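Subject: Structure handover

Hello,

Here is the structure I promised to pass on. Please open it first, then read the notes below it.

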Amino acid sequence: MRYGFSQRFSARTVRRAAIGAATLLAGLLAGSGAGAQTLASLPTVPSAISAGVQTRPIAAWVDFCATYASECSVNTAEPTQITLTAAVWSAIVAVNRRVNKSLVAVTDMDHLHVADRWDLAEDGSGDCEDFQLLKRKLLAEMGLPRRAMRMTVVIDEKGEGHAVLTLITDRGDIILDNKTSAILPWRQTGYTFIKRESQDTVAWVSLGRAMSPVTTANR
């Protein structure tokens with residue numbers, strides 16, 4: 001499937017997306033910054049989510065991996081943490097905001113007439129997991145280790161299944177979300193954390209005792 005976007009996002013192919021990501025990172029490294037949220041706003045004491053035993057993945061993720069195997073593969077030679085320098089933080093903030101502003105939020109049922117489907121928002125629209133998968137793809141193309149960026153299932157403030165992207169860093173686990181462009185430590189999100197992708201194999205691990213949602217089809 002082609003990796004294209006609506007006019008809002010401007011890129012239509014993987015190659016152009018990668019070039020755009022590289023250009024963005026170059027600008028950030030040159031000191032352009034990414035807005036008001038600063039690295040100093042994160043807690044100085046890192047807080048990590050405790051991962052448990054392997055658990056059943058979301059069914060739509062299994063289908064996604066069958067189509068986008070490289071997005072699900074785990075390279076154990078990669079670091080398990082992201083070192084948050086000022087430039088890396090600026091890149092994360094910029095990509096998070098860029099994707100949140102550029103994609104149109106729509107449920108899979110309204111968009112595709114299915115309960116839950118994970119993809120890379122090829123037509124410029126998608127729900128929660130599509131936002132996060134695209135963010136991870138762009139950040140990985142910038143050089144951040146995919147192994148330290150794990151798709152995560154939570155229960156949100158409405159009691160519904162929701163997908164976020166956990167970045168495992170030397171400043172603790174931080175969360176990229178499409179409901180807000182603020183990047184928060186996981187304890188400050190208000191979510192109940194259920195499970196996330198393993199860092200060691202193509203599988204999922206539990207994060208808590210709450211019942212797992214069947215889908216993550218929130219906008």
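Let me start with a hairpin: β5 and β6 form one, with two residues between them. Strands here are DSSP E runs of at least two residues, helices are H or I runs of at least four, and both are numbered from the N terminus. Before going further, note that this is a predicted model: local features need pLDDT of at least 70, side-chain atom pairs count only at pLDDT 80 or more, and totals for chains, interfaces and linings use all residues. Residues are numbered from 1 along each chain as its sequence is written, and side-chain values use heavy atoms, with hydrogens and water left out.

**The strands**

Strand β5 covers residues 161-169 and runs antiparallel to β6, with five bridges joining them. Two strands count as paired if DSSP finds at least two bridges between them. Within this pair, Thr-166 stands opposite Ile-175 in β6.

β6 also pairs with strand β7 (residues 184-185). That pairing is antiparallel too, over two bridges. Here Ile-175 stands opposite Leu-184 in β7.

Is β6 mostly covered or open? Strand β6 (residues 172-176) is mostly covered, with five of its five residues buried. Buried means under 20% relative accessible area, exposed means over 50%, and partly exposed lies in between (1.4 Å probe, protein chains only).

**Helix α4**

Helix α4 takes in residues 86-102. The expected span of a helix is 1.5 Å times one less than its number of residues. For the 17 residues of α4 that gives 24 Å, and the end C-alpha atoms are 24 Å apart, so the two agree. Its buried residues include Trp-89, Ile-92, Val-95, Asn-96 and Val-99. Ser-102 is also one of the buried residues of α4.

**Aromatic rings**

How many aromatic pairs does a search of the whole structure find? The search finds four. Rings of Phe, Tyr and Trp (its six-membered ring) pair if their centres lie within 6.5 Å; planes under 30 degrees apart count as stacked, over 60 as edge-to-face and the rest as tilted.

- Phe-64 and Tyr-68 are stacked, because their ring centres are 4.7 Å apart and their planes are at 25°. Both residues are buried.
- Trp-186 and Phe-193 are edge-to-face, because their ring centres are 5.5 Å apart and their planes are at 90°. Trp-186 is buried at a relative accessible area of 14%. Phe-193 is buried as well, at 7%.

Trp-61, Trp-118 and Trp-204 form one aromatic cluster.

**Cysteines**

A disulfide is a pair of cysteine sulfur atoms within 2.5 Å. By this rule the count is one. Cys-65 and Cys-72 form a disulfide, with their sulfur atoms 2.0 Å apart. The link is left-handed, with -85° about the S-S bond. Both Cys-65 and Cys-72 are buried. Cys-128 is buried too, with a relative accessible area of 0%.

**Leu-207**

Where does Leu-207 sit? Leu-207 is in the segment after β9 (204-206). Its relative accessibility is 14%, so Leu-207 counts as buried. Leaving aside neighbours within four places in sequence, Leu-207 is in contact (heavy atoms within 4.5 Å) with several residues, among them Ile-49, Thr-152, Phe-193 and Ile-194. Ile-194 lies 13 residues from Leu-207 along the chain, yet their C-alpha atoms are separated by 5.0 Å.

Best wishes
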